[in-house]
Amino acid sequence: MSGRKIGEVILDLQHISLRFGGVKALTDISFDVKEHEIRAIIGPNGAGKSSMLNVINGVYHPQEGKITFHGEERAKMEPHQAAMQGISRTFQNIALFKGMSVLDNIMTGRITKMKANFLEQAIHLGRARREELAHRAKVEEVIDFLEIQHIRKTPVGRLPYGLQKRVELGRALAAEPSMLLLDEPMAGMNVEEKQDMCRFILDVNDQFGTTIVLIEHDMGVVMDISDRVVVLDYGKKIGDGTPDEVRNNEEVISAYLGVSH
Amino acid sequence: MLYREAGQFKSSYTSDQQIFPIRQDRIGIMLLLLVAFVLVPGMADEYWLKGILIPFLVFSLAALGLNILTGYAGQLSLGSAAFMAVGAFASYNFMLRIDGMPLLVAFALGGVMAALVGIVFGLPSLRIKGFYLAVATLAAQFFIIWLLTKVSWFSNDSTSGVISAQEMEIFGYVFDSPESKYLLVLSIVTVMALMAKNMVRGAVGRAWMAVRDMDVAAEVIGIRIMHTKLLAFAVSSFYCGVAGALYAYAYIGTVEPEGFNLDLSFKILFMIIIGGVGSISGAFLGSAFIVLLPIFLDVLVQDVFAGLLPPSIASNLQLMVFGGLIIFFLIVEPHGLARLWQITKEKLRLWPFPH
Ligand SMILES: Nc1ncnc2c1ncn2[C@@H]1O[C@H](COP(=O)(O)OP(=O)(O)OP(=O)(O)O)[C@@H](O)[C@H]1O
Ligand SMILES: [Mg+2]
């Protein structure tokens, strides 16, 4: 890995508990994320990994616990506010806007940065027009970065699965996030697609310094690219540390790594 | 290869982001406007102007409004006609009660009133979706028409709520001939259609479609769902409201609230289903289709199959054909005539070579 420097803690989660009726999705979980690092969350199915991401960007509100982001304790927060604060994400099940082109999907990712109101847009002069062009240029950078120039105008519904995942990453990147949450970005991909995706994730982290929180089932990938790993099982944290530490943790081995996937 | 992008290399995003990026489309639209503004007023007779073209334009505008809400923002509504009624009755009252009220301002204010009412009846959309939302808009439909009929103030105390639209006058010019009415409606509809096109291809349009396609993801990206949905209700109702005002002032002159009943709401819904959900041109195609179809069927029954069809079928033919077409489009081509046109254009792009 290159010369990027891992910084201070920017996201700190303390004693997070989340319940859905009787289901305990998360129980008393604490961990932190440092600036510029790649932080992986692993665990068997149903362990609470996706719920954890949903807590981080305000989709779910935990019943207990404290979240500190950039040194400020966070009150109950809605997803669009998380977006405003620079948190972007992708979803486990692709959540693209099916009826829109690749270009429009990624342009939508820049929505928090666009200021012209609907009347200005209706007339399409002045600020609205300038903005549209400026943001288009930014989006083209994302498109170049992800090497998807050839499918710019294609409706996303027509794309193969692997490319859809890539477009979804593009939509998240378009917001120029400081923190990127990726929920199984490589699930269901073939080896070649996985390699591409790995490369993009590492490049994002390296070139833009983006902090990445990543859920992934492929152990090889996780051990390869992450700086630190949190292990969840049945909503509880059972391990936390560098890939090597986690690999050698007895509890983790019996609960997770021992189980073949 | 009549219709092609090839050879038109776009050297900048400016050219790629024009309102009609393909040259043939630009030329087509120019020709269409030229015909509509210059040739039609000279050539069409009174029946065509008053009976076909003006209603076609008015309904196109209403369908455009509904398409913004349903096609782009994904919120089903059965209350379009009620919002038209608000526009018509509000414009009438602004003209009636404020001395020297300019006509176009009255139309715009009628639209604004419809937009406000639209926002109120759009509030349930923050909680409910699809079928249940449609039922809530149905409530708007019945409530508004009931209110306009019951409260006689709205119709200046006329019997059964009938209003007679005032004369249309702008800067001393009176729009009383069919040609002048047609040109006034055409101008308003053209400007509003271009504005709608600009909105749907800009950031608001993307926000509407994002909420339609995947609201959780939209919110996570930073779109405020409530704001976006209510804006769709407001803009959509504004369009319907202005369409309602034009319906009263430029088309039939004398209307009662019942004239804006559920049948009309359904008619507008059918227009966007047949024309194309989520398409600006679809609103026009659907409106043309629904305005022209009955006329075409009449000709068919009376002249072509004169006396051949049993009267029971002849009188219901229109309903049968409508029903059949709706089912056809819902199942076979949910994106309507606009999509069929698109496919034809794509074929033309390759023509005469099959590949
Ligand atoms: N919205 C919800 N309503 C009810 N229960 C939920 C909800 N979201 C998650 N759960 C429950 O919380 C638990 C954790 O689910 P979660 O999706 O976070 O697991 P996961 O680790 O991401 O699993 P997977 O590897 O299958 O994606 C599960 O028991 C799940 O059924
Ligand atoms: Mg999950």
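This is a predicted model: local features need pLDDT of at least 70, side-chain atom pairs count only at pLDDT 80 or more; totals for chains, interfaces and linings use all residues.
Ligand 1 is surrounded by 15 residues. The closest are A:Gly46, A:Lys49, A:Ser50, A:Ser51 and A:Gln92. By class, the shell comprises six nonpolar, seven polar and two charged residues. A backbone N or O atom of A:Gly46 lies 2.8 Å from a ligand oxygen. For A:Asn45, a side-chain N or O atom is 3.1 Å from an oxygen atom of ligand 1. A polar side-chain atom of A:His217 is 3.3 Å from a ligand oxygen. Taken alone, ligand 1 exposes 630 Å², of which the protein buries 64%. The largest contribution is that of α1(A), with three residues.

Six strands of chain A form an open sheet with mixed pairing, in the order β6-β7-β8-β3-β9-β10. The edges are β6 (87-89) and β10 (236-241) of chain A. Each has a single partner strand, so one side of each lacks a neighbour in the sheet. From one strand to the next, the twist averages 15°. Strands β7 (179-183) and β8 (211-215) of chain A pair in the parallel sense over five bridges. Within this pair, A:Leu181 has A:Val213 of β8(A) as its bridge partner.

Helices lie across these strands. Helix α7 (191-208) of chain A lies across β3, β7 and β8 of chain A. Helix α7(A) runs at about 155° to β8(A).

Notes:
Residues are numbered from 1 along each chain as its sequence is written. Chains are lettered from A and ligands numbered from 1 in the order in which they are written. Side-chain values use heavy atoms; hydrogens and water are left out. A residue is near a molecule or strand if one of its heavy atoms lies within 4 Å of it. A polar contact is a pair of N or O atoms within 3.5 Å; within protein, one must be able to donate a hydrogen and the other to accept it, and residues adjacent in sequence count only if both atoms are side-chain atoms. Accessible areas come from the Shrake-Rupley method with a 1.4 Å probe; for residues, only the protein chains shown count as cover. Helices (H or I, at least four residues) and strands (E, at least two) are DSSP runs, numbered from the N terminus. Ala, Val, Leu, Ile, Met, Phe, Trp, Tyr, Cys and Pro count as nonpolar, Asp, Glu, Lys and Arg as charged, and the others, Gly among them, as polar. Two strands pair if DSSP finds at least two bridges between them. Axes are lines fitted to C-alpha atoms, for helices over the stretch in contact, and angles run from 0 to 180 degrees between N-to-C directions. Contact means heavy atoms within 4.5 Å.
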